[in-house]
Amino acid sequence: MFQTRFFITLTVLAGFASAAFAESAKETFEKLFGEEVKRVNATPEANDDVELAGQLLGAARNSDNAEMRDLLCEYTYALAGRDPSGYATAAEAMRLVAEKNPEQKSSAESKIVQLYQRGYERSTGDKKQAAGEQYLAFLLQETESKLAVKDYGEAVNHLRRARPVSIAIRSPEKDAVQAKLDYYAPLAIISNRIELAEKKVAANPWDKPSRATLVETYLTDMDSPAKAKEHLDLGGDAVQKKMVPLAVKPADELSEADAMALASFYEDLGKKGVAPTRIAMLQRSKGYYELYLTLHSSEDVQRTAATLNQTRVDEALAKLEAEAGLTGGKSAATASADGKTIELLDFIDPSRDGRRGKWLRSGDTIIVEQGNGFEIPLLRVPVKIEGGYSLKVKFVRESGDGAFGVLLPVGDSQVAFTLALPPGGEAGLSDINGQPATQNATKKESSLNNGKVYTLDINVKPETDGTAAITVALDGKSYVDWKGKQAELSVGVLITMNDKTAIGFSSYNSAVIIGSAKIKPLAGGKAETLEKAVDAAAKKATKDVKPTNRDDDRRDREKAIQDFLKDRFKQ
């Protein structure tokens, strides 16, 4: 009876508008839900509170009335917060409040933290351990979300909360929490410096010292030349005034001279600052050296010099990343597999492995949000590949109309296979002899339907004589059957990675969910994991994360994703 009556009230609520009701939202709520709230409050069990909270959250999502929506979210938070099984629902309610009311975002996010913290602090015995694991997983999830948008201050705040919890429950993640805190704490300080400078500029737009500070910090520590450019007229030195405008240009508009100048400029920037800054600067330097070598095809002294410079940057990057625990190092796991299948997604930490764009973990899956059209999201998988391998990737393009790509190590080279490339929707390997997929012999027409589960089967077989064979099939249909010299393969500057031994994922103008990426070394091949697998508690805590770029029809979208998840767990 409750379910039937409640779904009727949902239908009524979906059409609720202030003009249609003389009474307040509070009065309307009491009429529609008051009796059910009293009923669950009168029972000692928590499961009916959590069930009602879930129904109220659904009503809130469908309400067009802001006052009613916020009231529903408050009741959802109160009811679902009575038991750990409802924490995810309570947190989702506060996220909805934050999304719809930016002025309440800070308060809503604070309530979410208080929810998990209260559950941990009030628990005892075995429940204390479980609550601690849940609280820690939540804090690490929030850290990841904040790092994805470069909110280093809040990320560090979450890590500082996570550190004592990880120690108290003897979590295997305690060393990783400390390492991440050490890594990002300097950037949090820099973020505070930016906030102070922004306030000074808002009060006095002619404050040249503050403008100069913003140019320097946005260019280097925040790795955002576009933001640096906003302050360049009144801030920045002569070199910055010349190089920043070049750095914001699309790669295809840069000349050989531009690429070399930017490569040298960023290499110099990579010699100073905190580790995250130096790594970001050297990654950009490497990319521009790659671009120069693509544009400058002549085998001459200039090309030789650029190759040597690129090698120097590669070595500096590898050293910095190892020291920071981003590749190998003391924090790396030593597990390897010969002929055994590895689920690559189990080892991905989006906040650590995402090179550009917003990457998130949702349970066992990895999500990339739809970008802004100017930046190509890129993620490096922390697994070192040697020799031949087969790779099976299951994915869904959730929204957008752009591309999805996989970067493939091929012996001493690397290449990308990409689907739904603009402008016409082609697929193929990029680059071959410097030509992208849209211009070389592997070009093939392709398109992706949003919400549909696709399976990529890729086989890479490098040979000792410097040749290689690559085959790619999509849903059993052959797309690529290529044989040639490894030296003919390369990737463009926009998706280049320092590590040519790692798998990578990229997208363009599309939100993509990767449900599985299983690799199996072929005879003589090897796949060595460089990081510990993400634990079950962290996966469970993030299972409700969804991309923000959603299709208009939510129900159809959710059905597609559920179908996808069912398919993912069949394997």
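Select helix α3 (residues 47–62) together with helix α5 (residues 87–100): these two helices pack at an angle of about 20°, and their axes are 10 Å apart. An axis is a line fitted to C-alpha atoms, for helices over the stretch in contact, and an angle runs from 0 to 180 degrees between N-to-C directions. The angle makes α3 roughly parallel to α5, because angles under 35 degrees count as roughly parallel, over 145 as roughly antiparallel, 65 to 115 as roughly perpendicular and the rest as oblique.

Now display the side chains where α3 and α5 meet. From α3, the contact is made by Ala 53, Gly 54, Leu 57, Ala 60 and Arg 61, and from α5 by Thr 89, Glu 92, Ala 93 and Leu 96; contact means heavy atoms within 4.5 Å. Sorted by class, the contact of α3 with α5 has 5 nonpolar, 2 polar and 2 charged residues. Here Ala, Val, Leu, Ile, Met, Phe, Trp, Tyr, Cys and Pro count as nonpolar, Asp, Glu, Lys and Arg as charged, and the others, Gly among them, as polar.

The model on the screen is predicted: local features need pLDDT of at least 70, side-chain atom pairs count only at pLDDT 80 or more, and totals for chains, interfaces and linings use all residues. Residues are numbered from 1 along each chain as its sequence is written, and side-chain values use heavy atoms, with hydrogens and water left out.

Zoom out to the whole protein. There are 18 helices and 15 strands, and buried residues make up 50% of the 571 residues. Buried means under 20% relative accessible area, exposed means over 50%, and partly exposed lies in between (1.4 Å probe, protein chains only). Among contacts between residues at least 6 apart in sequence, 65% join residues at least 24 apart.

Next, select Ile 190, which is found in helix α9 (residues 174–203). Is Ile 190 buried or exposed? Ile 190 counts as buried, because its relative accessibility is 5%. Leaving aside residues up to four places away in sequence, Ile 190 touches Thr 217, Asp 221, Met 222 and Val 274.

Move to strand β8 (residues 413–421), where 9 of its 9 residues are buried. Two strands pair if DSSP finds at least two bridges between them. Strand β7 (residues 389–410) runs antiparallel to β8, and 7 bridges join the two. One place to look is Val 410, whose bridge partner in β8 is Ser 413. The hairpin of β7 and β8 has 2 residues between the strands, and Gly 411 takes a positive phi near 60° there.

Follow the chain onward to β9. β8 and β9 run antiparallel and are joined by 4 bridges, and Phe 417 stands opposite Leu 429 in β9. β8 and β9 also form a hairpin with 4 residues between them, and Gly 425 in the turn has a positive phi of about 85°.

Stop at the peptide bond between Ser 430 and Asp 431: this bond is cis, with omega about -5°. Asp 431 is found in the loop between β9 (426–430) and β10 (444–445).

Which strands pair with strand β6 (residues 378–386)? β3 (residues 354–356) joins β6 through 2 bridges, strand β14 (residues 502–521) through 4 bridges, and strand β15 (residues 526–529) over 4 bridges. The pairing of β6 with β15 is antiparallel. To trace these pairings, show Leu 379, the bridge partner of Gly 354, and then Phe 505, the bridge partner of Leu 379 in β14. Lys 384 has Glu 528 as its bridge partner in β15. Strand β6 is largely enclosed by the rest of the structure, because 7 of its 9 residues are buried.

Finally, select two loop residues. Asp 223 lies between α10 (208–219) and α11 (225–229), and its phi is near 50°, a positive value in a residue other than glycine. Asp 475 is in the loop between β12 (467–474) and β13 (477–485), and its phi is also near 50°. Asp 223 is partly exposed, with a relative accessible area of 22%, and Asp 475 counts as partly exposed at 40% relative accessibility.
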